[in-house]
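Please keep the sequence and the coordinates open while reading.

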Number of protein chains: 4
Amino acid sequence: MTTPVRIGMIGYGFMGRAHTNGYKRCPDFFPELEHQPVLKAACARSKDKIQAFADQWGYESIETDWRNLIARDDIDAVDICVPNNLHKEIAIAAAEAGKMILCEKPLAMSAEDGEEMCQVIEKTGVQNTVWYNYRRVPAVTLAKEIIESGALGRIFHYRANFLQDWTISEELPQGGEALWRLDADAAGSGVTGDLLAHCIDTAIWLNGTVADVTAMTETFIKERVHQATGEKTKVTIDDACSFLCHFSNGSLGLFESTRYARGHKALYTFEINGSEMSLRWDLHDLHRLEVFDHKDEGALRGWKSVHVTDHSGVHPYMDKWWVPGLQVGYEHSFVHHVADFMKSLDEKTPCAPTFRDALETQKVCDAVLASAKDHTWHKV
Amino acid sequence: MTTPVRIGMIGYGFMGRAHTNGYKRCPDFFPELEHQPVLKAACARSKDKIQAFADQWGYESIETDWRNLIARDDIDAVDICVPNNLHKEIAIAAAEAGKMILCEKPLAMSAEDGEEMCQVIEKTGVQNTVWYNYRRVPAVTLAKEIIESGALGRIFHYRANFLQDWTISEELPQGGEALWRLDADAAGSGVTGDLLAHCIDTAIWLNGTVADVTAMTETFIKERVHQATGEKTKVTIDDACSFLCHFSNGSLGLFESTRYARGHKALYTFEINGSEMSLRWDLHDLHRLEVFDHKDEGALRGWKSVHVTDHSGVHPYMDKWWVPGLQVGYEHSFVHHVADFMKSLDEKTPCAPTFRDALETQKVCDAVLASAKDHTWHKV
Amino acid sequence: MTTPVRIGMIGYGFMGRAHTNGYKRCPDFFPELEHQPVLKAACARSKDKIQAFADQWGYESIETDWRNLIARDDIDAVDICVPNNLHKEIAIAAAEAGKMILCEKPLAMSAEDGEEMCQVIEKTGVQNTVWYNYRRVPAVTLAKEIIESGALGRIFHYRANFLQDWTISEELPQGGEALWRLDADAAGSGVTGDLLAHCIDTAIWLNGTVADVTAMTETFIKERVHQATGEKTKVTIDDACSFLCHFSNGSLGLFESTRYARGHKALYTFEINGSEMSLRWDLHDLHRLEVFDHKDEGALRGWKSVHVTDHSGVHPYMDKWWVPGLQVGYEHSFVHHVADFMKSLDEKTPCAPTFRDALETQKVCDAVLASAKDHTWHKV
Amino acid sequence: MTTPVRIGMIGYGFMGRAHTNGYKRCPDFFPELEHQPVLKAACARSKDKIQAFADQWGYESIETDWRNLIARDDIDAVDICVPNNLHKEIAIAAAEAGKMILCEKPLAMSAEDGEEMCQVIEKTGVQNTVWYNYRRVPAVTLAKEIIESGALGRIFHYRANFLQDWTISEELPQGGEALWRLDADAAGSGVTGDLLAHCIDTAIWLNGTVADVTAMTETFIKERVHQATGEKTKVTIDDACSFLCHFSNGSLGLFESTRYARGHKALYTFEINGSEMSLRWDLHDLHRLEVFDHKDEGALRGWKSVHVTDHSGVHPYMDKWWVPGLQVGYEHSFVHHVADFMKSLDEKTPCAPTFRDALETQKVCDAVLASAKDHTWHKV
């Protein structure tokens with residue numbers, strides 16, 4: 001018999017759908033787990049919208065105030081899928097109510113807020129994780145395994161970027177339900193928290209902490225109509241952000257994110273160069289990992305494109321899916337995250353990235369934004 | 001309110017899982033459809049195995065004899081996921097019982113059998129489809145739309161292959177539950193029915209019927225241990241099959257399939273060359289379509305790699321999923337097939353490929369196998 | 001001191017330029033060779049044209065009748081760069097005059113003619129080679145070395161194609177100086193002799209002789225204006241040709257060539273699948289070789305893209321050029337062919353492919369054209 | 001009749017060979033030019049080595065002191081192919097002797113030196129150019145033409161890198177004839193002047209001047225045996241250098257170079273993102289240009305890989321070479337540079353990049369190195 005983990009979902013947007021799909025597919029593809037999610041309640045201020053969402057996805061009930069959701073005895077875990085400026089209050093309340101928490105990234109509006117959240121979480125001892133989902137793309141998880149094995153030797157370089165092009169038009173408004181990511185009041189920052197945070201989380205996971213940074217941000221379109229007022233208002237987010245850094249292990253880092261790179265929809269790539277091996281990955285073809293192995297001797301050394309679909313146990317998670325050659329997609333990273341969260345309950349271990357892990361990323365984001373503001377190097 | 005389509009699934013193997021996942025995700029991602037599948041019963045001879053399958057996937061009940069399943073009043077549609085030599089008997093019985101049928105490919109052991117099945121199906125008038133799932137990979141559906149628009153001009157060439165490498169080892173046995181595809185008694189043929197049939201179905205869909213063929217088959221490993229007897233037995237399937245052909249529209253075709261192409265796991269590719277445009281696709285990166293448009297003038301003409309993930313309505317099915325740049329995978333082709341089957345019920349239209357459509361592919365397979373046997377050209 | 005090899009060039013077209021460039025660069029990049037070419041004389045019927053050619057490229061003198069060229073005492077080697085229907089007469093005369101011969105491919109108008117040429121060549125004992133230049137693209141030569149080492153294991157499949165798109169327009173005329181390749185009287189055949197012959201030569205070199213074939217040809221544009229008459233005349237060449245075959249080593253072959261594959265300019269590719277390793281190559285990126293090595297164990301198996309530019313001695317010819325990462329191009333294959341011809345004189349060995357080697361390709365072409373005509377399998 | 005430009009070559013290393021090959025092929029492939037190079041004299045301190053070089057490549061005479069070379073009446077142009085610390089003295093002397101100058105990059109050891117060189121050059125009025133050869137790779141020249149046309153719209157981003165891996169071994173010594181690039185006394189800097197300078201020159205050419213920078217350098221291997229002394233000596237060059245910048249047109253830049261990126265031999269890439277179009281290029285496949293055109297409407301928008309080999313006049317320089325689909329290589333950039341230098345003499349125009357153009361790159365290099373030293377932003 002399985003042990004149900006009764007989910008209370010707050011939010012119903014893009015991430016609400018992605019997480020929910022993760023919950024629903026977990027028992028189908030990871031039936032061996034003892035803990036399994038149950039869609040107990042969905043919550044949002046608009047009763048109509050959350051009812052429609054609950055009906056479509058199969059949540060048993062709805063709430064229109066997240067405080068009520070947290071107060072319910074039949075909720076074991078709260079999933080926070082709301083704009084970043086609401087994470088702190090909800091997370092602290094949920095932790096104090098003894099609920100497990102699965103929180104969308106970035107963790108908080110600032111490292112200061114994040115630290116406060118971590119302290120409550122740790123005091124209450126509730127199981128927690130932050131949805132840095134890309135760690136659980138099989139090719140990325142494979143990269144982690146290879147790096148952990150020491151096969152790369154001494155690390156010299158890490159570079160990553162996350163390039164999009166969806167805000168180039170001046171006609172695009174800011175704010176409101178759909179475009180809160182363009183409003184610093186709701187989002188905290190622009191691409192730094194939205195896109196770079198993903199790059200930083202993966203980087204820290206794969207290559208350790210960041211020591212110091214020098215950064216540059218830009219807002220290309222200075223004013224946009226705000227959906228709340230209908231008036232042209234100053235754009236307060238960063239449209240683009242790049243930074244140089246030193247990692248604590250002595251390697252050099254180079255990061256860039258933007259929503260103004262015409263032609264790139266979700267070009268999240270990273271590359272790591274070690275003395276013995278290099279790896280690179282690209283979200284646009286997320287089922288592949290590129291590998292250069294210096295130990296290949298003779299005439300046939302070169303970059304390999306590994307199709308990470310082998311089900312014979314060598315490729316992470318892939319024994320759960322289809323047969324070699326048949327790729328999975330974006331949404332599978334969330335299914336894997338759900339499965340690992342359930343597994344962490346089975347095994348009574350933390351589920352990375354925890355709030356504390358995510359705080360490390362927040363600190364880098366803060367240093368980056370501070371450096372971009374005062375044009376000096378900042379320690380993390 | 002939705003109208004339930006109560007599914008009776010026969011089989012629980014790889015395809016049983018893939019189809020079931022398709023049924024389960026349809027209401028989540030295609031909630032606008034009136035008809036929606038319900039997992040009513042699963043059926044196989046082994047009670048233990050089918051019970052485990054039903055428990056994992058959420059079928060309400062089980063049967064151990066497909067005749068009983070077909071006899072049930074609470075089953076609307078029968079899904080045939082068993083070895084090819086059983087398709088005919090089950091399909092005819094199901095049709096005569098008035099059940100809708102979703103049948104795995106290839107349709108039958110021969111075109112003669114297929115014709116008989118079609119006649120019963122058409123006489124009874126039950127809704128029917130055959131799971132040539134690759135038609136509903138978004139990039140493949142997009143290819144169809146472009147070809148239908150006439151943008152390619154006069155067609156000169158069509159080429160396709162399906163290359164795998166999983167039977168190279170001489171140690172691999174034949175027959176039994178897992179390896180019935182290596183046993184001609186159960187499968188009818190080897191790669192011709194298993195792999196080439198996919199290539200042919202897509203080809204006919206995109207480029208029209210095939211007029212005549214000359215073919216070559218080979219069995220590289222002549223004897224393998226049979227799992228039924230534990231003894232070395234002659235291998236009766238084709239390990240590799242290739243053929244040349246003329247399409248009815250005057251274009252030339254070239255097809256190849258094998259399970260002995262080291263390095264290829266599921267290299268299903270097709271390419272079509274028209275006077276104005278060429279298209280090509282590869283299952284290994286199924287979310288991309290390669291396009292060469294001769295109308296691009298000047299210095300910037302070249303092959304484009306279209307990442308078929310745009311959700312703004314221009315890429316088939318993709319408005320149902322995530323945001324631009326985020327790819328879907330293999331299993332989505334089955335979700336789309338289920339959704340289109342439900343939609344065909346909403347709209348009271350046939351759901352392609354029907355048994356009659358699939359029979360056309362069967363005829364080409366038969367001509368190919370006959371040509372390989374007598375070394376002459378065969379008309380289809 | 002070097003020993004001069006005084007070249008008499010017959011022809012001044014595309015191949016005349018490519019060969020001449022090969023002669024001129026040999027002493028610069030292969031200075032260690034004792035024999036070195038000297039541009040002694042160029043020959044063509046048009047005095048003005050051949051004088052201009054000689055002036056541009058630095059030939060010391062000209063002739064307007066190839067018989068005079070062959071008669072000259074100061075010519076050591078004759079390079080035959082004229083339409084295919086003239087190869088036989090010139091080659092036989094040159095051999096009988098004791099001249100070395102470097103003959104453009106294909107060798108002859110038929111295997112019968114080729115056999116006659118071989119017999120004279122062998123009787124006279126003159127040094128000879130046929131310009132199947134692609135053997136000496138470094139990546140192709142590397143493929144040969146790997147195959148020779150036995151690393152591929154048992155060979156199952158070989159496939160090649162040569163796809164172009166330059167004759168799709170109906171407005172293109174046939175015949176004349178520039179377009180003799182569209183006139184069967186001058187060229188013998190269409191794509192079979194022009195393009196497929198390259199594929200066949202490489203295939204035989206890499207995978208051994210061809211045993212039998214079944215083929216299909218097509219002429220898409222039935223009539224074109226002939227430049228000799230200005231009138232619409234039946235097109236007598238094959239626009240497209242494909243064939244299936246068995247190699248003598250038991251592997252299966254698949255070949256295709258066409259000038260109607262929109263988007264492909266010179267898509268000469270080959271792939272060979274062995275039990276242990278597969279290789280593939282594409283002329284469009286000729287400095288790369290793709291390799292799949294089944295002996296790579298564990299999670300990091302995949303196709304490698306080897307950039308064949310290492311100068312440390314492991315990549316054929318590349319120690320003569322630049323530094324790793326810096327690619328060479330099409331013309332280098334001819335420089336290498338010249339250098340190997342000179343080296344064969346230094347070492348008193350034959351220079352492959354000899355006329356006899358090229359005859360084997362001619363025999364396959366003849367069998368292919370015969371099969372396309374009578375629609376039966378032909379032994380080679 | 002052609003007008004000879006009598007070349008005096010100082011140096012005989014890698015660049016001496018590359019430039020000489022450029023001179024020799026110019027009349028073959030650009031016969032229409034009035035001015036044509038003649039290999040008059042080669043110069044180096046070692047008589048044996050320069051005699052061998054002259055013999056191999058066909059220089060008419062040698063010198064062992066560059067002052068003597070410059071003093072000769074039969075020398076029209078001096079090619080400076082010696083370590084960077086000698087550029088200034090030779091260039092100034094050559095200019096004062098009225099010789100044209102073709103100088104290897106980077107121009108000088110510092111912008112201060114470069115300014116002094118420019119002033120002499122401009123006072124004497126001699127024809128001059130600096131060998132930033134990558135401008136004349138056809139795909140790069142094509143990028144320039146497209147950008148000049150305005151097709152990219154407003155530019156948001158420019159990023160470039162030049163990654164190598166040849167100095168990772170600690171065993172590699174520094175200094176001496178072959179490895180002067182690892183010795184700051186001879187080279188001025190490490191990867192900044194050697195590799196980044198190429199990226200910067202192209203960037204300024206394509207996207208205009210750089211306004212300010214923040215940079216980071218690293219020396220991974222701190223000590224290496226010096227070939228002059230045989231003793232372990234502090235390494236004074238930068239092994240890696242990266243920087244962020246603003247261009248004067250408001251776009252953002254990101255640059256990186258290193259010799260510690262395992263797997264990359266000569267990964268020089270650039271990408272430019274405009275509101276309407278993006279372009280990218282990679283030296284490893286230098287005959288291709290990647291293009292994303294936002295004006296492509298509908299379902300078929302994507303990145304195009306343009307094979308820059310069309311000879312019909314639309315691709316720069318390619319009408320001089322072979323036929324569509326047949327690629328050129330690294331060395332062709334030098335042939336084109338020579339041809340353009342000769343053409344500039346025909347047309348009495350400057351030949352870009354001039355010393356003044358190259359000084360702009362030097363200024364950015366100086367600002368980068370200064371920023372890396374004091375960890376602040378520097379204006380250029």
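Chain A against chain B

Between chain A and chain B an area of about 2,900 Å² is buried, with carbon and sulfur atoms giving 52% of that area. Buried area here is the accessible area, taken with a 1.4 Å probe, that two parts lose on being put together, summed over both. On the chain A side, A:Asp28, A:Trp322 and A:Gln327 supply 23% of the area that chain A buries against chain B, more than any other three residues. This is a predicted model, in which local features need pLDDT of at least 70 and side-chain atom pairs count only at pLDDT 80 or more, while totals for chains, interfaces and linings use all residues. Residues are numbered from 1 along each chain as its sequence is written, chains are lettered from A and ligands numbered from 1 in the order in which they are written, and side-chain values use heavy atoms, with hydrogens and water left out.

Counted by residues, 35 of chain A are in contact with 35 of chain B, where contact means heavy atoms within 4.5 Å. There are 6 salt bridges between chain A and chain B, a salt bridge being a side-chain nitrogen of Lys or Arg within 4 Å of a carboxyl oxygen of Asp or Glu. B:Arg288 and A:Asp285 form a salt bridge through their side chains, at 2.8 Å from N to O. The helices α1 (14–29) and α2 (47–57) of chain A each supply at least two residues of the side that touches chain B; helices (H or I, at least four residues) and strands (E, at least two) are DSSP runs, numbered from the N terminus. The largest share of that side, 9 residues, comes from α1(A). By class, the side of chain A that touches chain B has 17 nonpolar, 9 polar and 9 charged residues. In this scheme Ala, Val, Leu, Ile, Met, Phe, Trp, Tyr, Cys and Pro count as nonpolar, Asp, Glu, Lys and Arg as charged, and the others, Gly among them, as polar.

Chain D against chain A

The area buried between chain D and chain A is about 3,500 Å², and carbon and sulfur atoms give 60% of it. D:Met216, D:Phe220 and D:Arg262 are the residues of chain D that lose the most area to chain A, together 21% of what that side buries. Here 42 residues of chain D are in contact with 42 residues of chain A. The rule finds 2 salt bridges across this interface. D:Glu256 forms a salt bridge with A:Arg159, and the closest N and O atoms are 2.6 Å apart. The elements of chain D that give two or more residues to the side touching chain A are β7 (155–163), β8 (210–218), β11 (240–247), β12 (252–258), β13 (267–274) and β14 (277–282). β11(D) gives the largest share of that side, 6 residues. By class, the side of chain D that touches chain A has 19 nonpolar, 15 polar and 8 charged residues.

Helix α2 of chain D

Which residues of helix α2 (residues 47–57) of chain D are buried? They are D:Ile50, D:Phe53, D:Ala54 and D:Trp57, where buried means under 20% relative accessible area, exposed over 50%, and partly exposed in between (1.4 Å probe, protein chains only). These residues are on the same side of α2(D) because they cover an arc of only 95 degrees around the axis; the arc is that of the directions from the helix axis to the C-beta atoms. The face turned away from the buried side of α2(D) carries the exposed residues D:Lys47, D:Asp48 and D:Asp55. The buried residues of α2(D) pack against α1 (14–29) of chain C, and also against β1 (3–10), α1 (14–29), β2 (35–43) and β3 (61–63) of chain D. Just after α2(D), D:Gly58 has a positive phi of about 95 degrees.

Single residues

D:Lys40 is found in strand β2 of chain D and counts as buried because its relative accessibility is 14%. The side chains of D:Lys40 and D:Glu60 are joined by a polar contact of 2.8 Å. A polar contact is a pair of N or O atoms within 3.5 Å; within protein, one must be able to donate a hydrogen and the other to accept it, and residues adjacent in sequence count only if both atoms are side-chain atoms.

C:Asp293 is in strand β15 (residues 288–293) of chain C and, at 13% relative accessibility, also counts as buried. A polar atom of the side chain of C:Asp293 lies 3.0 Å from the backbone nitrogen of C:Lys295.
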